Amino acid sequence: MSEAQALAPTPVRARSGGRRRLRQNRAALGAAVVLAALVLLAILGPWLSPYAYDALDWQHLAAPPGLTASHWLGTDPLGRDLYVRTLYGLRLSLVIGVLATAVSVGIGVAWGTVAGYFGGRTDSWMMRTVDVLYALPYLFVVIILATVFGRGNIAMLLLAIGAVGWLTMARVVRGQTLSLKRREFIEAARATGLGTPAILLRHVIPNLAGTVAVYATLTIPELITYESFLSFLGLGVQEPHASLGSLVNDGARQMLTAPWMLLVPAGVLVALLLCFNLLGDGLRDALDPTAR
Amino acid sequence: MLGYAVRRIAGTVPVLLILVTLSFFVTRLAPGGPFDEERALTPQVRANLDHLYGLDRPLGVQYLHYLDGLAHGDLGVSYKLRDESVAGLIAQGLPVSAAVGFAALGLATLCGIPLGLWAALRRGGAVDYAVTALATLAIALPAFVTGPLLALLFGLALRWLPVAGWQPGDPLYLILPAVTLALPVGAAIARMMRGSLLETLSASFVRTARARGLGPWRVLLRHALRPALLPVVSYLGPAATYVFTGSLVVETVFALPGTGRYMVEGALDRDYTLVMGMIILYGALTLLLNLAADLVYGWLDPRVRHE
């Protein structure tokens with residue numbers, strides 16, 4: 001519930017309003033439940049099956065799914081269990097999505113608070129930079145980064161994806177900082193002689209937590225999509241490892257003979273992205289019903 | 001208006017230069033080069049090749065040389081695809097990519113705006129509910145998921161449309177790629193149009209127009225539509241960016257002979273000039289479409305021009 005508590009733009013009354021609005025949003029609540037189930041499956045799933053994600057089963061090559069079959073979601077042409085591989089891919093996609101979001105939240109919050117708090121020429125140059133980056137086909141730059149600095153290097157992949165996801169965050173955070181810095185408690189902090197870094201860290205950033213949490217929820221599916229996109233192009237996660245994107249890619253190649261290889265990971269990916277989007281939209285509406 | 005347009009066009013040149021500089025140095029700083037083959041070349045052959053393409057000169061000189069060529073409209077020759085100039089490769093692939101991209105943008109706008117308006121006018125009704133739900137789903141679906149799924153359904157299962165490939169002049173091959181790209185963009189436009197019309201309809205000038213006794217259609221078309229279109233128009237720039245990056249996926253999924261595939265191939269092969277050509281092509285296209293969206297915005301909203 002920490003997110004709902006942090007949603008408060010102003011104390012007590014608005015907070016209860018936000019929580020009520022979130023509770024009334026059945027789509028967002030349902031999404032949260034499904035999401036929790038998916039996360040749980042990603043964590044526990046591989047232990048619920050006797051197969052390893054990279055184990056080959058020569059008896060069952062490209063076996064179709066079936067409730068009584070030994071591989072109930074089928075196998076790929078190498079005899080690897082699709083259920084385990086999908087959950088493994090889900091886990092990897094989630095981890096990369098969340099960590100890359102953390103990177104982009106870090107950059108976005110730092111950039112936005114500094115631009116908004118200092119204002120003037122600093123602000124206009126920093127935000128001009130963001131505008132310029134917004135207009136670029138930055139996924140192409142990510143493609144270059146991913147190809148050039150080692151395919152399958154997950155740390156590099158994380159940085160490359162995280163480095164493009166911070167633009168919206170920086171804009172939102174700057175806007176919030178602009179309105180925050182005119183408030184009395186910031187002035188009071190300044191009057192007590194507190195330095196600028198301390199004001200930013202102790203007074204501005206904690207008050208941004210709600211907004212940041214909402215936009216982070218909306219950034220995660222975006223970055224999961226980027227990662228899957230790169231893996232789909234064969235530039236991200238490499239064999240025998242799997243992410244949802246690389247599984248969809250494998251499935252698309254086999255779609256003529258083994259359509260389940262496409263349908264299973266595609267279904268999981270769609271459910272994941274849809275739930276994150278629904279939850280993020282719900283949180284945003286609860287925080288600020290007029291934004292959209 | 002003309003002054004505004006000129007100022008904006010001049011503003012895109014430095015952005016493009018930054019993009020060119022950035023990608024030039026990032027691709028060259030990476031390990032590996034275009035002539036690293038499985039079978040190593042003899043040092044003499046290697047040196048000759050490097051000398052022929054100017055790769056033995058200092059990086060700064062190479063950069064200035066590239067910019068000089070660029071200023072004369074020369075994108076250089078491909079290092080890997082023998083006898084091909086980058087401009088020639090672009091000329092071959094661009095008609096296909098452009099056809100798919102513009103068909104997708106057109107489809108998204110022509111379906112998205114009316115659907116959004118319809119949903120807003122029937123707020124709370126079944127239409128509104130259906131449009132909102134479909135839009136939420138379509139936005140969540142990335143092109144590399146919808147593409148194969150649509151090919152599976154309409155190509156393999158129903159056999160209505162070709163699964164993949166391209167025949168010049170045959171619009172059947174255009175349908176699935178364009179729909180795949182248009183789905184999320186059209187959904188985003190519909191959602192934005194709905195929200196923005198609802199907001200405009202509750203504005204005081206609309207209430208005034210109603211109070212003057214104007215009919216609902218007149219209020220909508222003469223008063224509410226123009227301001228309500230503003231956010232949608234400003235979204236067209238990012239939408240174009242999405243369509244161009246998406247064309248990469250769509251060209252892979254549907255095996256189209258467009259320009260998108262050169263991006264990945266070129267980067268993997270360290271074919272520097274080819275990658276740079278693609279970056280410049282897509283960068284310029286993105287910037288131009290963003291610019292076009294801004295100009296339409298300035299035309300719709302006179303306040304922007306005078307800032």
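How many residues of chain A are in contact with chain B, and how many residues of chain B are in contact with chain A? In this predicted model, 35 residues of chain A are in contact with 37 residues of chain B. On the side of chain A that touches chain B, the elements that contribute two or more residues are helix 5 (120–135), helix 6 (138–148), helix 10 (196–232), helix 11 (244–253) and helix 12 (260–287) of chain A. When the residues of this side of chain A are sorted by class, 29 are nonpolar, five are polar and one is charged.

Chain B itself contains 12 helices and zero strands, so that its pattern, read along the sequence, is α-α-α-α-α-α-α-α-α-α-α-α. The C-alpha trace of chain B spans about 85 × 55 × 30 Å along its principal axes, and 38% of the 307 residues in chain B are buried. Of the contacts in chain B with a separation of 6 or more, 74% are accounted for by residues 24 or more positions apart.

Two helix pairs of chain B were examined for their packing. In one of them, helix 5 (residues 126–140) of chain B packs with helix 7 (residues 172–201) of chain B at an angle of about 140°, the two axes lying 8 Å apart. Because of this angle, helix 5 of chain B is oblique to helix 7 of chain B, and the crossing of the two helices is left-handed.

The residues that make the contact are Ala143(B), Phe144(B), Gly147(B), Pro148(B) and Ala151(B) on helix 6 of chain B, together with Gly246(B), Val249(B), Val250(B) and Val253(B) on helix 9 of chain B. In this contact of helix 6 with helix 9 of chain B, seven residues are nonpolar, two are polar and none is charged.

Helix 10 (residues 260–269) of chain B is mostly covered, since seven of its 10 residues are buried. The buried residues of helix 10 of chain B are Gly260(B), Tyr262(B), Met263(B), Val264(B), Gly266(B), Ala267(B) and Asp269(B). After helix 10 of chain B comes Arg270(B), a residue with a positive phi, near 55°.

Ala293(B) lies in helix 11 (residues 272–300) of chain B. Because 19 other C-beta atoms are found within 10 Å, Ala293(B) is partly exposed, the count for a buried residue being 20 or more. When neighbours within four places in sequence are left aside, Ala293(B) is in contact with Val233(B), Ser234(B), Leu236(B) and Gly237(B). The C-alpha atom of Ala293(B) is separated by 9.6 Å from that of Ala240(B), although the two residues are 53 residues apart along the chain.

Conventions
Residues numbered from 1 in each chain as written. Chains lettered and ligands numbered in written order. Predicted model: local features only at pLDDT ≥ 70, side-chain atom pairs only at ≥ 80, totals over all residues. Axes fitted to C-alpha atoms, helices over the stretch in contact; angles between N-to-C directions. Helix = DSSP H or I, 4+ residues; strand = E, 2+ residues; numbered from the N terminus. Parallel < 35°, antiparallel > 145°, perpendicular 65-115°, else oblique. Left-handed = near helix turned anticlockwise from the far one by under 90°. Contact = placed C-beta atoms within 7 Å. Nonpolar A, V, L, I, M, F, W, Y, C, P; charged D, E, K, R; others polar. Buried ≥ 20, exposed ≤ 12 C-beta atoms within 10 Å, placed from the backbone.
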